[in-house]
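Okay, thanks for coming, everyone.

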Amino acid sequence: MGHLIPSSIAPYVLPVVYAVVIVAVLPLLAGYIVLLERKVMADMQARLGPMRVGPHGLLQPIADAVKLLLKEDIIPANADKLMFWMAPLVSVTMALLAYAALPIGPAFQIADLNVGLLFILGISSLGIYGIVLGGWASNSHYSLLGALRSAAQLVSYETAAGLGLVSALLLAGSLSMKEIVQAQYDQGTWFIFSVPVGFFIYMVGSIAETNRAPFDLPEAESELVAGYMTEYSGFRWSLYFLAEYANMIIVAGIATTLFLGGWLRPFARWHDHFPGTSLEFFDVIPSLVFLAAAAYCFYLAPKQPVQIQKIVMAAFGAACLLLAGAMAAALFASPAVMAGIHGAFWFMAKVVAYLYGFLWFRFTFPRYRFDQLMRLGWRFLIPLALVNVIDVGIAIILRQELGWSPFWAMLLMTLVTLGVAMWLASEGAKPATTLQPADTEI
Amino acid sequence: MILNQILFYFFALLAIGSAILMVTRRNIVHSAVFLISTLLATAGIFLQLQAEFLFVVQIILYVGGIMVLFVFVIMLVNLDVALRQIQFNRQKYVAAVLAVVLTAQVFFALWVVRGDPNLTKSADKMPVRNTEAIGDAIFQHYMLPFEIASVLLLVAMIGAVVMAKRRV
Amino acid sequence: MIPTEAYLILSLALFTIGVVGVLTRRNVIIVLMSIELILNAVNINLVAFSRHFGSVDGQVFAIFIITDAAAEAAIGLGIILAFFRNRETVLADEMDMLKW
Amino acid sequence: MTNGPTTEITTTVLGADEIILNMGPQHPSTHGVLRVKLKLDGERVVDSECIIGYLHRGVEKIAEHRSYQQFAPYVDRMDYVAAVSNGLGYCEAVEKLLGTEAPPRAKVVRTILTELQRIASHLLWLGTHALDIGALTPVFYCFREREEILKIFEKYCGARLTTHAFRIGGLQYETYDGFEEDVKRFCNDFEHRVDEYETLLTENRIWVGRTKGVGIITAADAIALGVTGPVLRGSGVKWDLRKAMPYAAYDQYEFDIPTRPTGDTYDRYIVRMEEMRQSRRICLQAIENIPSGPILGKVGKVLKPPPGEVYHSIEAPKGELGYYIVSDGTTQPYRVRVRPPSFINLQAFRKMAEGALVADVVAIIGTIDIVLGEVDR
């Protein structure tokens with residue numbers, strides 16, 4: 001391929017292809033995450049969920065997309081037209097832009113910046129302008145209040161989440177996403193096991209940042225109708241929706257990269273620690289997963305009531321079979337290709353697992369009140385994150401200067417952090433009983 | 001490097017255009033949006049100058065932090081009547097004179113040093129790992145200013161809290 | 001390679017626009033935003049010279065200036081909020097009392 | 001949500017003055033067409049006013065132009081989520097006016113159905129209340145069990161919601177075959193189901209944080225405002241008409257009256273959860289021995305009560321439901337006055353909402369458990 005393309009633009013070809021793929025695939029992916037959410041929700045709530053469009057609702061995302069595109073596009077009479085038009089675009093652009101530095105597998109990354117993590121954090125924090133400006137431009141008090149709440153919440157929890165990430169960064173010693181994953185490979189453990197408290201803080205912070213339940217106050221239906229999206233409809237609304245789900249994937253991607261070992265296979269260095277034994281069957285798992293999915297699809301296909309649904313179900317089965325084949329074929333390809341494809345699989349699997357946690361929280365917990373949310377952020381998470389950073393620093397010193405084994409150093413300091421967490425929680429429980437809400441301004 | 005030049009002129013024009021719009025818009029929210037656009041363009045300039053860390057700092061701190069604060073306050077104090085008030089005072093001649101003087105001063109400075117080979121050529125020995133270099137500089141040579149800056153921030157934080165609190 | 005002069009002229013343009021904004025606008029928030037613009041122009045200079053001399057000192061100072069800008073914005077906006085709460089205005093020339 | 005809530009903000013958001021915020025009558029969490037006008041200081045409620053009447057249908061006036069039997073279906077439409085209880089109150093009031101009583105078998109069946117209805121009503125309350133506070137899942141669990149109860153109603157009298165299950169003087173229908181088994185099966189399952197809701201909510205930190213200390217009303221205030229039902233019992237007053245002035249067959253069964261001391265939203269939640277358990281207990285006792293015999297006492301086809309007046313009240317799921325009927329000796333009542341529990345309980349809203357946050361208002365509306373059909377009549 002190299003000689004077909006002038007050398008001056010050759011380095012840009014692959015990133016552009018990746019960018020196009022991401023922009024094209026992401027809306028579909030977001031649609032299927034919505035379907036997953038509805039199916040998981042239905043399962044947790046003792047019902048079936050979408051069943052009508054396609055077998056088991058498998059084509060529901062497409063129907064939803066078509067519906068949203070065809071809906072009437074309403075702009076309120078007194079809205080600020082330009083801002084109203086621009087705000088969802090800002091949201092979705094920033095959400096998509098952040099994918100530029102997110103590595104989905106060792107080979108699949110648009111740009112490996114040496115400040116990659118900061119870039120993702122910075123860009124995705126810009127999405128807030130879409131929310132604030134949209135809420136303001138709608139010229140509705142519910143929208144504006146929702147937008148302001150969103151801004152306050154995002155700014156508060158960004159701090160906590162960022163400090164949660166710092167603890168992993170201390171271990172990794174780099175801001176480049178690739179080097180962070182490499183560091184986890186070299187140290188032989190995912191950082192979730194080294195700094196579990198940091199992971200917990202980031203998880204809570206990321207749920208709050210993406211405005212998901214139990215922190216979904218900006219969209220609190222029972223109080224603010226739909227928050228900043230109240231006046232939006234049709235395509236613009238779907239852009240906000242897309243941005244929200246794209247951001248969820250981003251935060252899941254960050255957590256996966258920093259804490260869950262990125263694209264690394266579970267027990268990636270088993271053979272180093274226990275020479276002679278082998279866990280190579282982990283390499284077969286991707287194929288087996290898709291094979292199982294395909295088998296399930298083929299098993300369900302004849303049971304569908306309508307001919308077309310049988311065909312669609314079988315088609316989904318065939319697609320899974322194809323993926324299983326690809327995964328199996330990758331085993332016999334060159335090591336680079338194999339690492340790329342299987343890396344992407346493990347990465348996506350971890351992202352989905354993380355997102356499943358999001359959904360689980362959403363359907364289990366009631367919603368926080370605004371002052372409780374702020375108190376949790378400022379009085380619990382941020383102090384805890386600071387203590388955690390210091391403790392991880394001490395653990396590193398113990399390891400490097402005093403020659404402790406990483407396991408004992410981390411264990412000791414994690415226990416210290418947990419002790420602080422207990423103390424903070426018991427302190428936090430005191431004012432809550434006397435009902436003295438913080439002096440909230442909005 | 002043609003790409004480099006395109007990037008520079010694109011970001012420079014974006015910055016200047018947005019800055020002019022920011023100063024002239026009646027609607028304060030539009031002003032804020034154009035200032036954000038200027039700051040983002042500046043961030044682009046930083047990137048083009050290979051100051052990656054500063055590029056990210058500019059986005060996270062300036063655009064994602066300070067400007068969010070601005071927008072927040074604007075929305076809290078945004079009165080509908082404000083739009084109908086006169087937005088400009090009568091100092092435009094002072095401003096024009098000052099602008100001309102400033103411009104003249106810089107061009108004079110440039111004219112004085114014209115032909116100096118030092119100005120046109122530029123060092124290419126920038127450290128490759130920008131973030132690490134800045135970290136070294138801050139925590140080794142500029143430790144005291146760094147600490148002072150953190151005290152400044154603490155003071156600012158306390159001041160802002162006291163100021164924004166309700167009347168006691 | 002872009003000459004350093006180009007950055008200086010860009011910085012000058014932003015600085016001048018900022019000065020004009022500070023002098024001509026009545027709204028204190030826009031005055032504050034113009035000051036941010038001025039600080040930003042300074043940052044461009046610092047970073048340009050940092051590249052010019054091949055050292056990161058200029059960038060470090062730019063970071064300090066951003067810190068300063070954050071402090072200034074927090075205090076300035078705090079004052080504006082306090083003022084607005086008392087006088088219901090954000091116009092500079094209506095701030096004509098020494099005490100309220 | 002095109003017909004969305006409207007807001008009037010009289011001053012600026014940040015002004016030192018108070019804001020008037022108008023919630024409803026179209027608002028996702030006012031449980032119908034309640035309109036609440038809130039005077040806010042920041043997010044704190046300074047004062048509030050409930051504006052009702054959007055669902056007024058003149059039920060009491062209609063009664064004056066219907067015969068006693070004809071009016072019976074109308075009472076189902078007041079508290080439409082607890083139609084059976086409404087019917088019981090009305091039938092017993094008219095029976096008292098006539099000086100008759102329902103036969104023992106009818107009384108027991110009435111008790112069972114009313115207690116099932118209490119469970120159904122509390123389930124609906126729990127689901128929607130949890131939904132208001134942001135818990136998405138309990139509502140589906142609650143509706144699953146409520147569905148079982150509604151199925152029993154449907155099998156018994158053909159209707160699910162506005163059942164018109166009872167007749168003046170007893171029952172219209174004999175219980176269907178398998179009624180006992182259905183009720184027993186439901187009661188046996190239900191024990192674990194209540195535990196299931198409790199695992200989701202009772203010790204959930206967020207739930208406790210959202211409900212503890214919110215919407216407090218003291219026992220003295222509650223009594224002064226005439227509040228009844230779980231709201232009163234949540235404030236520590238042990239008052240239940242089923243024990244205090246037994247009606248139907250309640251004097252035959254053993255059950256406890258749950259109370260809680262502080263009178264906040266959490267206590268009312270605990271009281272209602274416990275009441276569901278007690279209702280189940282009553283059902284289980286009643287279903288064990290339903291006396292045989294007639295189901296309809298001797299009342300004529302045309303009811304002409306002697307001139308006079310009567311007040312009869314029962315413990316409906318939401319509180320004391322009273323009927324005051326004046327007869328002038330004709331076939332139609334001279335005046336019917338209903339004392340709906342939610343209408344009276346709603347008066348406690350202002351007291352509860354004082355000093356609360358806007359987000360708490362939603363919880364407080366939910367915890368009073370109002371049905372606008374009953375408030376507005």
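Let's start with chain A, which splits into domain 1 (71–264 + 347–434) and domain 2 (280–332); those bounds come from an automatic or database domain assignment. The C-alpha centres of these two domains of chain A are 34 Å apart.

Quick housekeeping before I go on. This is a predicted model, where local features need pLDDT of at least 70 and side-chain atom pairs count only at pLDDT 80 or more, while totals for chains, interfaces and linings use all residues. Residues are numbered from 1 along each chain as its sequence is written, and chains are lettered from A and ligands numbered from 1 in the order in which they are written.

Now, what does chain A do with chain B? Their contact takes 22 residues from chain A and 17 residues from chain B; two residues are in contact if their C-beta atoms, placed from the backbone, lie within 7 Å. On the chain A side, helix 4 (116–137) and helix 5 (141–172) each put in at least two residues, and helix 4 of chain A gives the most, with twelve. Helices here are DSSP runs of H or I with at least four residues, strands are runs of E with at least two, and both are numbered from the N terminus. Sorted by class, that side of chain A has 18 nonpolar, three polar and one charged residues. For the classes, Ala, Val, Leu, Ile, Met, Phe, Trp, Tyr, Cys and Pro count as nonpolar, Asp, Glu, Lys and Arg as charged, and the others, Gly among them, as polar.

On to chain B. It comes to eight helices and zero strands. Buried residues make up 36% of its 168 residues, where buried means that 20 or more other C-beta atoms, placed from the backbone, lie within 10 Å of the residue's own. And of the contacts in chain B with a separation of 6 or more, 56% are between residues 24 or more positions apart.

Helix 3 of chain B comes back in the largest nonpolar core. That core has 316 residues, and the ones with the most contacts inside it are Met67(B), Phe70(B) and Ile29(C). A nonpolar core, by the way, is a set of buried Ala, Val, Leu, Ile, Met, Phe, Trp, Tyr and Cys residues joined through C-beta atoms within 7 Å. Helix 3 of chain B gives the most to this core, 20 residues. Leaving out residues up to four places away in sequence, Phe70(B) touches Ala32(B), plus Ile29(C), Met33(C), Ala73(C) and Leu77(C).

Last stop, chain D. Strand 7 (residues 319–327) of chain D is mostly covered, with seven of its nine residues buried. Strand 7 of chain D pairs antiparallel with strand 6 (residues 308–316) over nine bridges; pairing takes at least two DSSP bridges between the strands. Across that pair, Val310(D) stands opposite Ile325(D), and the two strands form a hairpin with two residues between them. Strand 7 of chain D also pairs antiparallel with strand 8 (residues 333–339), over six bridges, and there Tyr323(D) has Val338(D) as its bridge partner. That hairpin has five residues between the strands, and Gly329(D) takes a positive phi near 90 degrees.

Conventions
Buried ≥ 20, exposed ≤ 12 C-beta atoms within 10 Å, placed from the backbone.
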